[in-house]
Amino acid sequence: MAHPTPAPEAARRAADDIELTVALAEYTKILEMRRAVSDQAHNRYNFFLVIATAVAAVSAGLLGSGIDDNVKTGAVAALGTLVLLMGPAVFARQLRYTGASQRYGLAEQTLRTYLLSRAPAVAPYVLLPTLDDDGLFPPPKSSSHRRLRDAVGLAATIGLVNSALFAMGGGLLAAAGKLPGWAVTIIALALFAVAAVGHLWWVSRTVRANFTANQRLVAARLPGIPRQTTPPQGP
């Protein structure tokens, strides 16, 4: 016996249900992936802080000990080299985590926009931003607030730790060269300032590059959606 052909309205509702099911499943998966990236970023950050703190403590203990100066210098140099090589690698990886988190944030906003278009009556109760609306918790629009937000992120914090380690290494080298105390202090402060500015500039540059790439993706996939003016926040 042949099955009756579904009515157009029933077929449309069935298709809509499939679309909604896929959208909700994708939205849930994106939330899980973004949470996983955030956990990885914080774990890497904590790991680096533990290593850097341990190396600093051991180095201070060695410098204050009465062991042979050559052994002391070699051990401190080896530990310092380890941390100085690890720091830029962790910093670069943290920037990758930030970019991934921003991309997942964009995907989350995109699907939230679609879900609210399916249920416009719910829109006033959704406080998080969508692609066509900044929501009740909009990102900062002024450049100073954006720079401050970038400066307190995980990548920027690692950059400041790297800068302090560079300054400490430079200060130790200057002290080993028998320079006066004021010269050692100036060298250390100058190294810290240059390294900190370089790290923060690289963070800001990466955030802007990620934002531009995300804007191009939105323009290509959803040409009718208004473009955002500020990047979403990442870890």
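**Figure 1. The right-handed crossing of helices α4 and α5.** In this predicted model, the crossing of α4 and α5 is right-handed. Helix α4 spans residues 154–176 and helix α5 spans residues 181–221, and the two pack with their axes 8 Å apart at an angle of about 155°. Because angles over 145 degrees count as roughly antiparallel, α4 is described as roughly antiparallel to α5. The residues that form the contact of α4 with α5 comprise 17 nonpolar and six polar ones, with no charged residue among them.

**Figure 2. Helix α2 against helix α4.** The axes of α2 and α4 come within 9 Å, and the angle at which they cross is roughly 160°. With this angle, α2 is roughly antiparallel to α4. The crossing of α2 and α4 is left-handed, whereas that of α4 and α5 is right-handed.

**Figure 3. Helix α2 against helix α5.** Here the axes of α2 and α5 come within 10 Å and cross at roughly 30°. Angles under 35 degrees count as roughly parallel, and α2 is therefore roughly parallel to α5. The crossing of α2 and α5 is right-handed.

**Figure 4. The largest pocket and its lining.** The largest pocket has a volume of about 540 Å³. Its lining is made up of 22 residues, of which Val76, Ala77, Gly169, Leu172 and Leu173 are the closest to the centre of the pocket. Helices α1 (residues 8–63), α2 (residues 69–118) and α4 each supply at least two residues of this lining, and α2 gives the most, with nine residues. By residue class, the lining of the largest pocket divides into 14 nonpolar, six polar and two charged residues.

Figure 5. With a relative accessible area of 42%, Leu63 is partly exposed, because the partly exposed class lies between the buried limit of 20% and the exposed limit of 50%. Leu63 and Val76 are 13 residues apart in sequence, and their C-alpha atoms are 7.9 Å apart in space. Val76 is also one of the residues closest to the centre of the largest pocket.

**Figure 6. Asn46 in helix α1 and its distance to Leu154.** Asn46 likewise has its place in helix α1, and its relative accessibility of 40% makes it count as partly exposed. Asn46 and Leu154 are 108 residues apart in sequence, yet the distance between them in space, C-alpha to C-alpha, is 9.8 Å. The range given for helix α4, 154–176, begins with the number of this second residue.

Figure 7. Of the 235 residues in the protein, buried residues make up 31%.

Notes
Residues are numbered from 1 along each chain as its sequence is written. This is a predicted model: local features need pLDDT of at least 70, side-chain atom pairs count only at pLDDT 80 or more; totals for chains, interfaces and linings use all residues. Side-chain values use heavy atoms; hydrogens and water are left out. Axes are lines fitted to C-alpha atoms, for helices over the stretch in contact, and angles run from 0 to 180 degrees between N-to-C directions. Helices (H or I, at least four residues) and strands (E, at least two) are DSSP runs, numbered from the N terminus. Angles under 35 degrees count as roughly parallel, over 145 as roughly antiparallel, 65 to 115 as roughly perpendicular and the rest as oblique. A crossing is left-handed if the near helix is turned anticlockwise from the far one by less than a right angle, and right-handed if clockwise. Ala, Val, Leu, Ile, Met, Phe, Trp, Tyr, Cys and Pro count as nonpolar, Asp, Glu, Lys and Arg as charged, and the others, Gly among them, as polar. On a 1 Å grid over the protein atoms alone, a cavity is a set of points where a 1.4 Å probe fits but cannot get out, and a pocket is an open set with protein on both sides within 12 Å along at least five of seven lines; lining residues have an atom within 4 Å of a point. Grid points are joined across faces, edges and corners, and a volume is the space filled by probe spheres set on the points. Buried means under 20% relative accessible area, exposed over 50%, partly exposed in between (1.4 Å probe, protein chains only).
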